[in-house]
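This report describes the pockets and aromatic contacts of one protein model.

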Amino acid sequence: MYEIIEINDLSAEELRPYTDTSEKSLLHWKGTPDGIFIAESPKVIKTALESGYTPISLLMERKYISKQTELLQSCGDIPVFTADQQLLTELTGYKLTQGALCAMRRRPVPAAEEALRHAERIAVLEDITNQTNIGAIFRSAAALGFDAVALTPSCSDPLFRRSVRVSMGTVFQLPWTYLPSGSPDYVDYLRELGFVTAAMALRKDTVSIRNPRLTSAHKLAVILGTEGDGLKDSTIDACDHTIKIPMAHGVDSLNVAAASAVAFWQLTKYCEN
């Protein structure tokens, strides 16, 4: 059974997961083989639990304790630290979303071959470091029928707090993995796994995302680049197709998260095109 603990000492060691501002330090948390992460809001915490992640402790605003009995019970025998909103804001440095944070154990990231084995539609993220965009892309991929997400090693970690929150917990539901370093090496690797590769880029030699060669592909990898520079030239050159979204009024591009949603909707195998 969970244990309710009133917070009296903001510097207590047990509260460090919620006060440590370095996400990377959570990756090397003492006593955990793969590190920990922070899930924010009852809905996201519930999704993580349902996806098999193990909670370590909860931080919950006092007024929500009686309203979240089912969530607390599902967390099992862990400490639940509590105080009023003002003290928790002082502790964490920000106002908690719906009054709850949960420290949870990470799981090993699966090898790319394992994570992508049964996937037919995947999103590939190249060097994207904006945590909001990472989370939004995961949410769109999950909602629009993509099977997995693959990231290059330079991408921001999908389990960083902001990405988890923006994704609304879909980072726990979709398989994800890291690809081998280097371009075009990872494009060649995807091709070896049977994927047709499509780079989203602003070039003249592009095909529309409505092109039947894309929509009919048995296995398709949609590759997205950074906000500023986009995909590397070597990545684009290595791909089977360069694709773009038809646009009006002289607009040449969309935010990468918005562009991903449009592309996923058009190219999914699970929604009518």
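## Pockets

A pocket is an open set of points, on a 1 Å grid over the protein atoms alone, where a 1.4 Å probe fits and protein lies on both sides within 12 Å along at least five of seven lines; its lining residues have an atom within 4 Å of a point. Its volume is the space filled by probe spheres set on the points, which are joined across faces, edges and corners. The model is predicted: local features need pLDDT of at least 70, side-chain atom pairs count only at pLDDT 80 or more, and totals for chains, interfaces and linings use all residues. Residues are numbered from 1 along each chain as its sequence is written, and side-chain values use heavy atoms, with hydrogens and water left out.

The largest pocket has a volume of about 530 Å³. Its lining comprises 25 residues, with Met 200, Ala 201, Leu 202, Ser 253 and Leu 254 nearest the centre. The second largest pocket, of about 270 Å³, is lined by 16 residues; Arg 107, Pro 110, Leu 174, Pro 175 and Trp 176 lie nearest its centre.

## Aromatic contacts

Five aromatic pairs are present, a pair being rings of Phe, Tyr or Trp (its six-membered ring) with centres within 6.5 Å; planes under 30 degrees apart count as stacked, over 60 as edge-to-face and the rest as tilted. The rings of Tyr 53 and Phe 172 are tilted, because their planes stand at 55°, with centres 5.2 Å apart. Phe 37, Tyr 53 and Phe 172 form one aromatic cluster.

The charged end of Arg 107 sits over the ring of Tyr 53, 4.0 Å from its centre; this requires CZ of Arg or NZ of Lys within 6 Å of the ring centre and within 35 degrees of the ring normal.
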